[in-house]
Every structure is written in C-alpha cells, then in structure tokens.
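Hi,

Here is the structure I promised to pass on. Have a look at it first, and then read on for what turned up.

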Amino acid sequence: MDKSTINSLMEQIAATRAATTKELEEARVRFLGKKGAITELFEQFRSIPADQKKEFGQLMNQLKNAAAAKIEELREVIENNGAAAEGTAKEDLTMPGSQYDLGSRHPVSIVRQEIVDIFRKFGYDVAEGPEIEDDWHVFEALNFPPEHPAREMQDTFFVSRGEQQTDENGNTVWHNPLLLRTHTSSVQVRTMEKKSLPIRVVCPGRVFRNEAISARAHCIFHQVEGLYIDEGVTFADMKQAILLFAREMFGPETRIRMRPSYFPFTEPSAEVDVSCNICGGKGCNICKGTGWLEILGCGMVDPNVLEASGIDSKKYSGFAFGMGVERIAMLKWQVKDLRNYFENDLRFLNEFNTVL
C-alpha cells in the first residue's frame, strides 16, 4: 500500500455517481463492504512499518470518512429526487391511482340505524342524552324503589358518590350520585321533562352494566328504547306498533307473542318474542326448538313515572319499549358470540362489507 493508491481511491470516491438506491448500495459495497477497497487497505495497514503508521492511519481515516460522507450525500439526493429502488420514479403521474381497501359500517351501527329508520317511518323522532347520568334520571324518576338491586355496585358503574348529606339520625348519606347509565330510559325521562305533549320518540345509545363478559353478555352494549305518550294510548296501540316493527325488521310473515313480565317503570309489562326467522317457527338450534326468539321488553308507562316528570297521569297515558341492538343483530345474522362486536377482528367485520 502506498499514498498513490489512497489518492486514487479518493478520486474515485469523489467521482462516484448513483441515480438509484440500487446503484448507491453497489457503491457502498465497492468502497466500504466487507470485501470493499477501503476494507482491504485496512487489512494491508497491519504490515505498514511502525514509523509510518501514524501518517498512513490519518490518510486511511480521511479516506473512510470521505467514502461515508459521499454515500450519505448520494442517499439524500436520491431521496429528494424521489428515485425508486429499481431506478424508476416513486411518483409516476401517468400511472393509475393505488387501490385502497374501503372500510364498512359496523354491524351494530347498521342495525341501530335500521331500527331507527323503521320507527321514523311510524312518526317517531330521535332523542339522545348523556352517557354519564344522575340517579334521578336513571332510577328515581323511573320508579325504582330504594332497595332495587340495580342500584347496587354489582349492576351499576358509579362515577361519583354525589352530594354528602346527613339524615334525621345524624348518619352521613350520599344523594344523587353520578353513574354510567344502565339504560337509555334516562333519555325518555329527559324528554318527558322538556318536550311538549304528545311525545313519540326513540332513544338509541350506548349503555353500561357491571356484568361479566361472555358470549351472551357484555359490560357495554347498545339499546334503542321507544316512548309514546298521548291521550287515550292503550296496550293495543303498543302491541300493534311492535308487530309492525317486527315485520319491517324480520319479514312480513313474522308473528309476535307477549309474555307477562315486570319492570319498575311500566305496568302492565311484557316480554316480546318473534317467530324464528330461521325455521319459520318450526323449531331449530337458533331458537332452541321453541320457534320463538326474545327481542324486547315493553309496557304501559307507570303513572308514577308520568307524575315524576310533571305529566298528568289522569289525562295522559303511554307505552315504552326497549331492545338491545346487539341482540337484534345476533338474530339477524346468527352471530353466536356477543364479543365479536367489540374485538375489531377484521375477519369478522369484513363479512359486512356488502351490507348497506
């Protein structure tokens, strides 16, 4: 190794050009690779006499630094010019645009909108309210007795304990705590407090209950509840409205049946089943051989609920109903695991790309 060799490599480095990342990599390997020219010179450096090592060492370091700087300079030029790895421009304006996969609406959103659209055709408005509510709108105004289990921590997510007060015995009590709403009936209460009569609304929204997550239950789910209040509203009006809804949602041949039930805010109350749209009511594994599928709860609004919102229960009557959106979606598409709606698995969501 002599100085002329080093000078020659320095000139080659200065004259190096690269128009693509491929050419740049070839230049880097030629000079700085494991078998590159500069690497070989460092191998030869070991045989240099001791009295010359300092001088040649400085020249070798200058050569290596020059090569590294040149490679970095060429890389910046290529990136700024938008050159591709194979020597073609990154942006070719003559080429057609890239094809991107389009997303789709979530199945819960699809069913929620379908439910709302059906009731809009029946003359119902849409009402919405806050997800963080107070005890009055979730429980008290809906005729929940103080000892009702839904008020306890095992069913309800409480945000704050509310206002601290002292009862007649000197004990500390907490009044009107804040909580995550357990049903959208709270929106019905707010509607009754503010909206002029008659009232005909549906209340879609997300609700929360402190339940163990499984294939059949979740701590978060969606509801659509309905409310109709006017003079002379009867149980027969409610039954007809629910029948029309069921036939719009599940098909014109759908039948319904009502079973007596209990809800604090309605009297009388009922659970509503629809004839299984899979087997036509004959019995299958979806309906567990009964021919019926439960879809919602309903009832005539309790007079106490009307009076709590300032409505004269002797002049007005009404009915209310509520359904789980996930439940309707499960029946509509035979989804067996409720958790699929919340896990954002693209394999599941892509099944609904063609659903409008």
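One definition to start with: a charge sits over a ring if NZ of Lys or CZ of Arg is within 6 Å of the ring centre and within 35 degrees of the ring normal. Another case is Arg-200, which lies over the face of Tyr-124, 5.9 Å from the ring centre.

Before going further, some ground rules. This is a predicted model, in which local features need pLDDT of at least 70 and side-chain atom pairs count only at pLDDT 80 or more, while totals for chains, interfaces and linings use all residues. Residues are numbered from 1 along each chain as its sequence is written, and side-chain values use heavy atoms, with hydrogens and water left out.

On confidence: pLDDT is the predictor's confidence in each residue, from 0 to 100. The protein chain averages 86, and 94% of the residues score at least 70. Residues 83-87 fall below 50, and beyond near neighbours in sequence this stretch has 13 contacts in the model (contact means heavy atoms within 4.5 Å). Where pLDDT is low, the predicted coordinates should not be read in detail.

Now the sheets. Helices (H or I, at least four residues) and strands (E, at least two) are DSSP runs, numbered from the N terminus, and two strands pair if DSSP finds at least two bridges between them. Seven strands make up an open sheet, ordered E1-E7-E8-E12-E11-E10-E9, with mixed pairing. E1 and strand E9 (256-263) are at its edges with a single partner strand each, so one side of each has no neighbour in the sheet.

Helix H8 (residues 235-250) packs on this sheet and touches E9, E10, E11 and E12; its direction makes about 150° with that of E11. (Axes are lines fitted to C-alpha atoms, for helices over the stretch in contact, and angles run from 0 to 180 degrees between N-to-C directions.) H5 lies across E1, E7, E8 and E12 and runs at about 165° to E7.

How buried is strand E7? Eight of the ten residues in this strand (residues 199-208) are buried, so E7 is largely enclosed by the rest of the structure. Buried means under 20% relative accessible area, exposed over 50%, and partly exposed in between (1.4 Å probe, protein chains only). On one side, E7 pairs with strand E1 (residues 125-126) in the parallel sense over two bridges, and Asp-125 has Val-201 as its bridge partner in E7. E7 also runs antiparallel to strand E8 (residues 220-230), joined by ten bridges. Val-202 stands opposite Gly-226 in E8, and Gly-205 has Gln-223 as its partner there.

There is also an open sheet of three strands, in the order E2-E6-E3, with antiparallel pairing. Strands E2 (132-134) and E3 (158-160) are the edges, each with a single partner strand, so one side of each is left without a neighbour in the sheet. On average, neighbouring strands here are turned by 40° against each other, direction ignored. E2 and strand E6 (residues 178-180) pair over three bridges, with Ile-132 opposite Leu-180 in E6.

Next, the aromatics. Rings of Phe, Tyr and Trp (its six-membered ring) pair if their centres lie within 6.5 Å; planes under 30 degrees apart count as stacked, over 60 as edge-to-face and the rest as tilted. That rule gives 13 aromatic pairs. In one of them, the rings of Phe-119 and Phe-321 have centres 4.9 Å apart and planes at 20°, so the pair is stacked. Phe-119 is in helix H5 (residues 107-121) and Phe-321 in strand E12 (residues 317-324), so the pair ties together parts 202 residues apart in sequence. Phe-119 is buried at 2% relative accessibility, and Phe-321 is buried at 4%.

Cys-284 is in the loop between strand E10 (266-275) and strand E11 (292-301), and counts as buried at 18% relative accessibility. Leaving aside neighbours within four places in sequence, Cys-284 is in contact with Cys-276, Ile-278, Cys-279 and Gly-289. Asn-344 is in the loop between helix H10 (325-333) and helix H11 (346-349), and is exposed, with a relative accessible area of 54%.

Cheers
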